[in-house]
Protein chains: 4
Amino acid sequence: MAAKFIPDPDFERRVRASFARQNAMTAIGAELTLVTPGIVEIEMPHSSSFTQQHGYLHAGVIAMALDSACGYAAFSMMPPDAGVLTIEFKVNLLAPGRGDRFLFRGSVTKPGRTIVVADGQAYGMAADGEARLIATMTGTMMTVIGRQGVEG
Amino acid sequence: MAAKFIPDPDFERRVRASFARQNAMTAIGAELTLVTPGIVEIEMPHSSSFTQQHGYLHAGVIAMALDSACGYAAFSMMPPDAGVLTIEFKVNLLAPGRGDRFLFRGSVTKPGRTIVVADGQAYGMAADGEARLIATMTGTMMTVIGRQGVEG
Amino acid sequence: MAAKFIPDPDFERRVRASFARQNAMTAIGAELTLVTPGIVEIEMPHSSSFTQQHGYLHAGVIAMALDSACGYAAFSMMPPDAGVLTIEFKVNLLAPGRGDRFLFRGSVTKPGRTIVVADGQAYGMAADGEARLIATMTGTMMTVIGRQGVEG
Amino acid sequence: MAAKFIPDPDFERRVRASFARQNAMTAIGAELTLVTPGIVEIEMPHSSSFTQQHGYLHAGVIAMALDSACGYAAFSMMPPDAGVLTIEFKVNLLAPGRGDRFLFRGSVTKPGRTIVVADGQAYGMAADGEARLIATMTGTMMTVIGRQGVEG
């Protein structure tokens, strides 16, 4: 598979431009910290504005950042004229969303012309730098070409 | 099952108090609009602060509101001293997150002493009131009793 | 959506012919008992050859029959020259796989040109006819046209 | 977590005894080929009795073997008097179920007193030994103690 895959040389610019248009990422204070073909990382500080009832990061915020990480990991391997859509994802919450900062990694498990499957991990990072796995995602993404309104 | 289930008469107050502590719900402008034993609805207006790159509501925000709706549907059937935790959920995105307002419904499919399974639907509502199914969720919730920090 | 959908008049023959080629359905003793556009039902007797360690029907057998029910529900709405592939599914086991017979229903939740989402329910039926919901599935199916080896 | 986990020294015998009671594993020709604390592998030859309509291994059979691999990976880390139940799983089908033999690996991602999360991979192996990833699973398993009929 690797032999057949020739990444768009412009993948990083495309990923960063699309991410910059995701207002939801700005709202939660998330930043792109790694963009390589097939792997994308997003980080955000803890924010008391996005907690659930026990004071931990809301599972939906974890899903939001993991979905963007997985979606852009998929998008990084798509052709230049493609848009990316999430078909579905599943998230397992493994530990409370506790941490000073959070790291979300998305990696492509199975590239494909139409369907791309990506897996993600979310980590809560303590002030001393210790990281704890707090959630995993499996997401199914779709390459969309030539559909108006679905560019990037 | 119904024969054995006696709802806590105070369920609505408990659900509303816990929801009020979810800062993430305040952040996205979400409100509780229905609380019955086993069914909870949440509504929110469209917000351009929580869009993805094509201008639609971010899939993660849809997941966030569906998770709260499913979690509180489960919580509404739990004993008075219980806390609720999400173990995992899966979301299928069926149509773009477009709408003037959004409605998220969570319903308990299978109550249980420890594990509760709930299903959710998300609708985008146009200005003329037409509703469109935009996503579904299946979530697995856990009843937690006597764990410090997991009250409500 | 319904307005735009014109079912292939030959859908039932196509579904039955494809089901007949699924040796796995023969192996577990499963039969097609309902085929309508968008809804398919499969039934099977309890078989002690397909139990798990506690003597209940194995979760994987439940998944197998639900996957076929959901897949053929999707296939029943596809064009005559299409093949159907399962992209992914999630199963929640709600009660032990106990019963004299089992009924598996798959229904299309969201038709689509490429992606079809279907939901399924599995019931264990006692000798007296009482049915109990034992599992649910959400599956994502894909319409495949013109790929050799993926006909029907 | 590892520091706190003391495996039952008898884990392998317990896993093998429980697996031997899964008639469904016998039916599909599956064998346990690796049992370590937290990782279990199952192998089976291709069987034309368990194919779907295109002649590939049925997705449900892949789910069945992955569920057993993930369930026993979880069970291997449980206390001696526990039984294991699958709460839910999700399977992504990444490539056709083609191969002379199939290998299914289940690994514990997150141990826990009540809830154990395991991830699985399924490989199709060609006659020349080349392995291809055909599916992944994430499963949520539950430790059950003292429930009649759920031993092992």
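Q: What is the bridge partner of A:V91 in β3(B)?
A: In this predicted model, A:V91 has B:F89 as its bridge partner in β3(B).

Q: Which parts of chain B supply the side that touches chain A?
A: The contact involves 31 residues of chain A and 32 residues of chain B. On the side of chain B that touches chain A, α2 (23–27), α3 and β3 (82–93) of chain B each contribute at least two residues. The largest share, eight residues, is that of β3(B). Sorted by class, this side of chain B holds 15 polar, 13 nonpolar and four charged residues.

Q: Why is α3(B) described as largely enclosed by the rest of the structure?
A: A residue is buried if 20 or more other C-beta atoms lie within 10 Å of its own. In α3(B), 17 of the 17 residues are buried, so the helix is largely enclosed by the rest of the structure.

Q: How do you know what span to expect for helix α3 of chain B?
A: The expected span is 1.5 Å times one less than the number of residues. Helix α3 (residues 59–75) of chain B has 17 residues, and 24 Å is expected. The helix reaches 24 Å from its first C-alpha to its last, which is close to that value.

Q: Why is the relation between chain D and chain C called that of a two-fold axis?
A: Chain D can be laid on chain C by a turn of 180° and a shift of 0.0 Å along the axis, with an RMSD of 0.0 Å. That is therefore the relation of a two-fold axis. The C-alpha of chain D nearest the axis belongs to D:K90, 2.0 Å from it. Of the contact residues of chain D, 100% recur in chain C, and the same surface serves both copies.

Q: What makes strand β3 of chain C and β3(D) a pair?
A: The criterion is at least two bridges. Strand β3 (residues 82–93) of chain C and β3(D) pair over five bridges in the antiparallel sense. In β3(D), D:E88 is the bridge partner of C:N92.

Q: Why do β1 of chain C and β1 of chain D stand at the edges?
A: The open sheet has twelve strands with antiparallel pairing, in the order β1(C)-β2(C)-β4(C)-β5(C)-β6(C)-β3(C)-β3(D)-β6(D)-β5(D)-β4(D)-β2(D)-β1(D). β1 (31–36) of chain C and β1 (31–36) of chain D each have a single partner strand, so one side of each is left without a neighbour in the sheet. From one strand to the next, the twist averages 20°.

Q: How many bridges join strand β3 of chain D to strand β6 of chain D?
A: Eleven bridges join strand β3 (residues 82–93) to strand β6 (residues 131–145) of chain D. One bridge partner in β6(D) is D:M142, for D:L85.

Note on methods. Residues are numbered from 1 along each chain as its sequence is written. Chains are lettered from A and ligands numbered from 1 in the order in which they are written. This is a predicted model: local features need pLDDT of at least 70, side-chain atom pairs count only at pLDDT 80 or more; totals for chains, interfaces and linings use all residues. Helices (H or I, at least four residues) and strands (E, at least two) are DSSP runs, numbered from the N terminus. A residue is buried if 20 or more other C-beta atoms lie within 10 Å of its own, exposed if 12 or fewer, and partly exposed in between; C-beta atoms are placed from the backbone. Two residues are in contact if their C-beta atoms, placed from the backbone, lie within 7 Å. Ala, Val, Leu, Ile, Met, Phe, Trp, Tyr, Cys and Pro count as nonpolar, Asp, Glu, Lys and Arg as charged, and the others, Gly among them, as polar. Axes are lines fitted to C-alpha atoms, for helices over the stretch in contact, and angles run from 0 to 180 degrees between N-to-C directions. Copies are superposed by least squares on the C-alpha atoms of residues with pLDDT of at least 70 in both.
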